[in-house]
Amino acid sequence: MPEGDNVYQAARRMNAALAGKRLAASDFRVPAFATLDLSGWTVLEVVSRGKHLLHRLAPPGPDGAAAPGPEGRLSIHSHLSMEGSWQVYAPGERWRKPAHTARAALTTEDGTSAVGFSLGMLEVIATAEEGDAVGHLGPDLLGPDWDPARAEANLRAQPDRAVGLALLDQRNLAGVGNIYRCELCFLARVHPATPVGDVPDLAGMVATAKRLLEANKARSRNTVGGFGPRNGTWVYGRTGQPCLRCRTRVRHGTLAEPVPGTGTRLGDTRERDIYYCPSCQPLR
Ligand SMILES: [Zn+2]
């Protein structure tokens, strides 16, 4: 499951490879957009919003260059979900993932391409309507709209909800995935099932989330460098190993909640693994 900093890195890589270039070809392998052809369109920029990616494109003007105004611009909106990735390829380079998992391929006039594999979601929308697609997101930990007070207020709006679930809900704050959720609870010494209203320093947790993602956004691997020891994790994925603070064995469990009326579950819509130290993070 990509965290916000992975998606941020993917956007940065694609922006460096594509921005300002005109597309020679586009290939959307989802039924709704199978006939859409964006050749001749110019990639303006690629940005991330929480765990969503937006490729913004301008249509060709009368001279073939990008039309200057905002009219008619389109955004390719995608979400990496559990297994997805976007990769950049030099001209002629072989794809590193199976072709049948490709959902979108964009090729610029210089032969550079960006290919989205196993995307959880892919749609092409008017750039002016991006708000409908990602407007439900809370403040983005790595975005221009970051607002810690608003993120904290969003979390506090449901004081009885488990903090481990509230942190994953992208409507509260955007960018925390399961690894960071577990590490944040450890660093704050709270059990993930602790109700939000009982967390002693919620503002501190929000500030730590921001620090973690900022510290890792330039790194190539998904680590919690600068916080976890030796660039590893404190508890995530360490079931049965000694806690790095107190030597108690790290435990594994699950945390899930029903969504009223649908019978499905929240927290990216499924039950998710939690890792915690029962001594450092007692459930009060
Ligand atoms: Zn411990």
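Residues are numbered from 1 along each chain as its sequence is written. Because the model is predicted, local features require a pLDDT of at least 70 and side-chain atom pairs count only at pLDDT 80 or more, whereas totals for chains, interfaces and linings use all residues.

Helix α5 spans residues 178-187, and nine of its ten residues are buried (under 20% relative accessible area, with exposed meaning over 50% and partly exposed in between, for a 1.4 Å probe and protein chains only). Helices (H or I, at least four residues) and strands (E, at least two) are DSSP runs numbered from the N terminus. The buried set runs from Asn 178, Ile 179, Tyr 180 and Arg 181 through Cys 182, Glu 183 and Leu 184 to Cys 185 and Phe 186. Among the elements that cover these residues are the helices α1 (4-18), α4 (163-166) and α6 (202-216), together with the strands β9 (251-255) and β10 (272-276). After α5 comes Arg 189, which has a positive phi near 60 degrees.

The axes of α5 and α6 come within 10 Å and cross at roughly 130 degrees (axes being lines fitted to C-alpha atoms, for helices over the stretch in contact, with angles from 0 to 180 degrees between N-to-C directions). The two helices α5 and α6 are therefore oblique to each other, a class that holds the angles left when those under 35 degrees count as roughly parallel, those over 145 as roughly antiparallel and those from 65 to 115 as roughly perpendicular. Contact, defined as heavy atoms within 4.5 Å, is made by Tyr 180, Leu 184, Cys 185 and Leu 187 of α5 and by Met 205, Thr 208, Ala 209, Leu 212, Leu 213 and Asn 216 of α6.

Elsewhere, four strands form an open antiparallel sheet in the order β1-β6-β7-β5, where pairing requires that DSSP find at least two bridges between two strands. Five bridges join β1 to the antiparallel strand β6 (residues 102-108), and Asp 27 has Ala 105 of β6 as its bridge partner. Helix α1 lies across β5, β6 and β7 (113-117), at about 30 degrees to β5.

Ser 48 belongs to strand β2 (residues 42-49) and is buried, with a relative accessible area of 8%. Beyond its neighbours within four places in sequence, Ser 48 is in contact with Val 7, Tyr 8, Ala 11, Leu 53 and Asp 140.

Terms used
Heavy atoms only, no water.
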